Structures are given as structure tokens and as C-alpha cells.
Amino acid sequence: MSPPEPADAPPTIEVEHLVKTYSGIAAVNDVSFTVRRGEIVGLLGPNGAGKSTTMRILTGFLPATSGVVRICGIPVASRTDEAKRHIGYMAENNPLPEDMRINEYLHYRGRLKEIPREKLHVRLDEVLELCDLKRIRHRIIGKLSKGMRQRIGIAESILAEPEVIIMDEPTIGLDPHQILIVRDLIGGLRGRMSVVISSHILPEIEMTCDRVLIINGGRIVAAGTPAELRREVLGLTHYEVELAGDLDALPAALAAVEATLVVEASQAADGGGFHRLTLTTRREEDLGEALLQALAARAYRVRSLARAQPTLEDVFLAATKRSWDVVDAPGRRDSRRRSARGG
Amino acid sequence: MTPARAPRPRTRSRRMRHFFTILGHEIRMLLVNASTYIAAVLFLFVMGFIFTLLLNTYSQAPQETAPAYDFFRLFWLPVFILVPLMTMKSVSEERRLGTLETLLTTPVTTTEVVLGKYGAVYFLYLLFWGSTGGLFYILHRFASDPRLVDPGTLFGGYLYVAVSGLFFVALGVFASALARNQAVAAVLTLVLLIVLIFGVRLTLDLPLLQLEALRPARAALDSAQVFQHLDDFSRGIIDTRHLLFYFTGTALTLILTILGVEAKLLHH
């Protein structure tokens with residue numbers, strides 16, 4: 001797997017203060033971010049958050065109300081045709097003509113994307129091979145399964161070898177086996193093309209993307225790698241412990257291990273006298289071993305201890321909830337904008 | 001930041017390449033579609049039936065005009081069937097399926113897409129009408145009286161069909177751009193064609209238009225009488241005002257179609 005280019009590599013996608021309103025209602029509200037060459041970025045957000053609108057503006061399909069979008073340095077608003085030559089786009093639900101054969105469709109799209117006729121056949125063979133469509137290239141698209149259709153969408157988007165690939169919900173409606181295939185295909189683009197994908201499937205984003213932008217209510221509410229997001233949005237590290245012993249003396253024992261380690265929640269003792277506790281700390285390093293030793297030294301009986309690993313789903317829920325709570329806090333908005341830029 | 005690449009030269013031929021790619025694709029898709037052949041068979045059946053009826057009339061009593069004249073007087077009947085059927089899918093189907101979105105994210109413009117689709121349907125329209133030439137060939141081959149096939153009327157009739165077809169097909173594509181539903185597009189096309197072909201003549205009979213103050217309006221409507229145009233073409237009179245009527249009508253309708261598609265996209 002090729003890593004994305006270094007952080008100082010010139011960005012292929014630059015979005016600055018993007019706004020899109022429909023009848024006075026903002027679908028996208030002051031969104032700014034950049035994507036480096038070879039980087040895979042996930043756009044995450046609830047329904048109606050503004051993901052698809054943002055993507056359509058990036059492709060030049062929709063004009064923005066205000067703001068600037070540059071693809072490979074080309075402003076999309078003023079040089080739309082030129083910018084489109086650097087973009088491969090797979091729309092939501094991947095609409096395809098039902099009555100064409102796969103190779104006919106890809107050949108037609110290749111001609112529209114201005115691939116020279118002499119190169120087109122070679123490139124078609126490569127793309128069909130890459131997307132495992134070669135065996136079924138003569139089949140009618142309308143008779144294919146959803147997974148195969150998604151592969152055609154991906155093949156079409158990478159056909160002209162654009163610098164930027166934009167995919168709106170590429171894994172929607174697929175079974176786990178098909179998701180694996182599509183994930184591998186997208187992962188294979190890392191390092192060669194900049195990819196922006198949107199998805200509702202959070203583990204999917206976590207596994208595929210180098211960086212995640214969480215968008216809600218038309219704004220970017222969090223941005224960074226999944227690990228950075230966990231740290232930024234959730235802040236604290238959590239431990240789940242089951243122990244028996246004197247709970248009143250426990251805070252002192254925890255403070256001896258780490259000053260910020262406290263009991264956040266506790267449950268009543270079960271039949272064996274064990275309490276289930278949730279501990280939190282600001283310390284990121286693993287305290288598991290030190291905690292076990294300290295508790296054993298103070299005659300606590302420990303049945304289990306685990307560091308809680310918050311999922312991207314937890315981050316997403318926390319970030320979207322936070323955005324509703326403090327959506328207009330100026331300080332937070334500025335820091336959010338800074339974190340969105342460049343990763 | 002990446003420095004902006006040098007803009008590629010946007011020559012006319014470069015733009016036309018997309019138009020011809022879309023046109024070729026659309027014609028191909030129409031020619032591999034079974035419904036096209038069903039429409040062609042129905043069209044030839046109706047036209048053959050009309051032609052047989054005409055020949056029957058001519059065999060019973062001598063007529064003042066050639067069969068081609070009466071044949072083209074009934075041009076509206078196949079137009080009312082053919083044009084809505086052929087144009088209803090053109091834009092509305094693409095928008096309903098969402099393929100218009102992916103098409104317009106490639107380096108093609110709305111103008112190229114609309115003109116490509118329009119050109120393909122018009123090509124098929126001409127092909128259908130051209131196939132009726134076989135009826136006149138049969139008449140020419142087997143009729144004993146050479147006066148039955150008047151080349152002037154025949155040429156004028158086909159020229160009128162070709163020129164008026166530009167406008168009629170444009171109206172169909174326009175309706176297809178406005179409606180997402182194919183059936184609605186077909187009905188809208190039919191209404192527009194009825195208004196254009198029969199509505200003007202009926203409007204001229206309104207008492208209101210007999211007023212002196214509305215004389216310019218009456219004159220304008222008078223010049224838009226489709227059957228009057230057909231008469232002139234059939235007699236070999238190629239009036240540039242008639243040509244201008246159809247050419248400007250076509251151009252305006254296509255401009256409105258392009259604007260309509262773009263407006264629909266903006267409010268997607």
C-alpha cells in the first residue's frame with residue numbers, strides 16, 4: 001500500500017469557505033478543507049448534512065453560492081470544463097444506463113473523457129482487469145448485481161486516470177463480501193489518486209480513509225485521522241474494571257497511579273461482591289499494568305480490566321452532538337477550520 | 001499550491017467532438033432499441049394505410065392534385081404519434097435515472113448533450129419519413145400514368161417535412177427536458193404540437209382578432225399557419241419567411257431546452 005504524499009505536497013483539492021444555499025437555507029455553510037495528492041479522505045455525516053452537495057460542487061456539477069474550490073489548482077467555478085478533466089466521479093446510487101453493455105459504456109465514457117482512441121482500448125483492458133470485470137465485459141448493465149454495478153462505477157471513475165476521485169456512498173447497499181472488494185479497489189488508489197468518499201458505514205471509513213471530515217448541518221465539525229478524532233472529540237481515555245474491595249479508598253489508590261485517573265461511573269456489587277467501574281484519565285499512555293499492580297498492592301480483587309476503545313461511531317455521535325450544542329462558538333469554529341486544513 | 005496548468009485551447013473542433021460522440025452514441029442506442037423498430041413498423045403501417053386509401057380514391061375518380069399533395073396534407077397524423085414517442089425519453093429518462101449527473105461531470109456541456117440528443121432523434125425522424133419514399137417508388141414503378149408522381153410536389157413535401165421536423169422534434173426535446181416523467185413529456189409534446197399545427201388556425205377565427213387594432217397580431221399569426229407553409233412548399237415555393245419561422249422556432253426552443261436543463265440542475 002503506497003502512503004499518501006508528504007504533508008508539504010501540493011493539495012489536489014482546495015476548498016475555501018464554501019457556501020451553498022437553497023432558497024435561503026444553507027446546505028453547505030462555510031466549509032474549508034484540503035486534500036493532498038494520494039490521500040483518501042472520508043466525508044462522514046448524517047443524512048442531509050451536506051455531503052452530497054459538497055461533492056457535487058467539487059465536481060463542477062453544481063455551482064457554489066460562494067467560496068472557492070480548486071482542483072489541481074484550477075478554480076472549478078471559472079474553468080469548470082478544465083477542472084472536470086481532473087476528476088472521476090461516482091454519484092450516489094451509481095446511476096448507469098440499463099441497456100448498454102459494460103465495455104460499450106466504458107468506451108463511450110472514455111471518449112467523453114477525451115482519452116485518445118489509440119490509448120482507450122489499452123486503458124479499458126487495464127480498468128476491466130483491475131475491477132474484475134473482464135469476464136463479464138459483454139453483459140448488459142441492467143442485468144448485473146449491485147456489487148458489479150458498483151465496480152463499473154469505480155472503473156468509470158478511474159478510467160481517465162484523473163488526479164481526483166470523488167465517490168458518493170460507494171459501498172451503500174452492498175453485502176459484506178462486495179464491500180471487501182470495493183474497499184480493496186479504493187485502497188488500491190492510495191498514493192496515486194486523491195480520493196474523497198462519503199459513507200454512512202463508519203467502520204468502512206475508518207478502515208479505508210487516511211483522514212476523516214465529519215460534517216453536520218453543512219459545517220465541518222471535526223477533522224483528522226480517526227486516532228486524532230478520538231483524542232479531540234472524546235478527550236479522555238476510558239478503562240472498564242471489575243473489582244471487589246473498599247470503594248471509598250479507591251480514589252486515593254487511583255491518584256497514586258495517575259493524578260487525573262478518576263471513577264466516572266460505578267455499578268452496584270453483584271453476587272460475588274464485584275463492582276463494575278468506568279475510570280477516565282487524560283493520560284493517553286496505557287496505564288493498565290500500573291493500575292493492576294496498584295490495585296493488587298492495596299488488596300483489591302480484580303476480575304477484569306480493559307481499556308475502552310471508542311469506535312468512530314462514538315466519535316461521530318459525540319462530534320455531531322457537540323456541533324448541535326456549540327455550533328456557533330467562534331473560537332471552536334476557528335480551531336475546527338485550522339484542523340480541517342492540511343490534516 | 002499547484003500552479004494552474006496552462007489552459008487547453010478550446011477550439012470549435014474540440015467542442016464539436018463531444019457533440020459527435022454523444023450524437024453517435026444516441027443514434028446507436030436508438031437503433032439497438034426494440035421500441036424504435038416497433039415505432040417504425042407502426043409508422044410504415046399507418047403511412048401505407050393512408051397511401052392505399054389515397055390510391056383507392058385516385059383510382060375511382062380523377063383528382064386535381066397529385067397523390068403526394070394529399071399524402072403530405074396528412075403529415076400531422078404521424079407527427080402526433082412519432083414525435084412524442086421518439087422524444088419523450090431523451091432528457092427525462094436520463095434525469096430520472098440520474099445518468100445526466102454523471103454525464104455532466106465529464107468535460108461535456110449541457111449544450112452538447114441537448115444538441116446530441118436532439119440530433120439523434122431528428123436523424124431518426126428523417127429516416128422514418130425517408131422510408132415512405134418506397135411508397136412513391138412503387139407508385140412510379142407500377143402506375144401507368146406518370147402524372148401520378150409529381151417530382152415537384154414530392155420534393156416540396158419532403159423538404160417541408162425536413163424543415164418543419166426541426167421545430168417539431170425541438171418541441172419534443174423541450175418537453176422532455178421539463179418533465180421527469182416520460183408520459184408527462186409525451187402529453188406535453190402532443191399539446192404543444194396541436195397548438196402549433198391546429199391552434200394557430202383556430203385562433204385566427206376568434207372574433208377578437210378581427211379588430212383593426214389587433215391587425216399586426218393577426219398578420220403574425222397568419223404567417224405562422226403550418227398548413228399554408230405546406231401548401232407553398234408543395235407548389236415549389238420556398239419562402240424564406242417560412243424557413244425563418246421554423247429555424248428561429250427551432251433555435252429558440254433549443255435555447256429554452258438548454259436553459260431548462262440547467263435550471264433544473266441548479267434546483268436539484
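**Where chains A and B meet.** I began with the contact in this predicted model: chain A puts in 27 residues and chain B puts in 20 residues. Next I looked up which elements of chain A are involved on the side that touches chain B. I found that β1 (11–22), α2 (80–84), β6 (87–90) and α3 (102–112) of chain A supply at least two residues each. The most comes from α3(A), with four residues. I also sorted the residues on this side of chain A by type, and I noted 13 nonpolar, four polar and 10 charged.

**Chain A as a whole.** I stepped back to take in the chain. I counted 12 helices and 14 strands in chain A. Of its 343 residues, 43% count as buried. Then I checked contacts in chain A between residues at least 6 apart in sequence, and 70% of them join residues at least 24 apart.

**One sheet, strand by strand.** I picked out an open sheet of four strands in chain A, with the order β12-β13-β11-β14 and antiparallel pairing. Why do β12 (262–266) and β14 (301–308) of chain A each have one side without a neighbour in the sheet? Both stand at the edges with a single partner strand, so there is no neighbour on one side of each. I noted that neighbouring strands here are turned by 25° against each other on average, direction ignored.

I then followed β11 (residues 237–244) of chain A, which runs antiparallel to β14(A) and is joined to it by seven bridges. Tyr239(A) stands opposite Arg307(A), a residue in β14(A).

Terms used:
Residues are numbered from 1 along each chain as its sequence is written. Chains are lettered from A and ligands numbered from 1 in the order in which they are written. This is a predicted model: local features need pLDDT of at least 70, side-chain atom pairs count only at pLDDT 80 or more; totals for chains, interfaces and linings use all residues. A residue is buried if 20 or more other C-beta atoms lie within 10 Å of its own, exposed if 12 or fewer, and partly exposed in between; C-beta atoms are placed from the backbone. Two residues are in contact if their C-beta atoms, placed from the backbone, lie within 7 Å. Ala, Val, Leu, Ile, Met, Phe, Trp, Tyr, Cys and Pro count as nonpolar, Asp, Glu, Lys and Arg as charged, and the others, Gly among them, as polar. Two strands pair if DSSP finds at least two bridges between them. Axes are lines fitted to C-alpha atoms, for helices over the stretch in contact, and angles run from 0 to 180 degrees between N-to-C directions.
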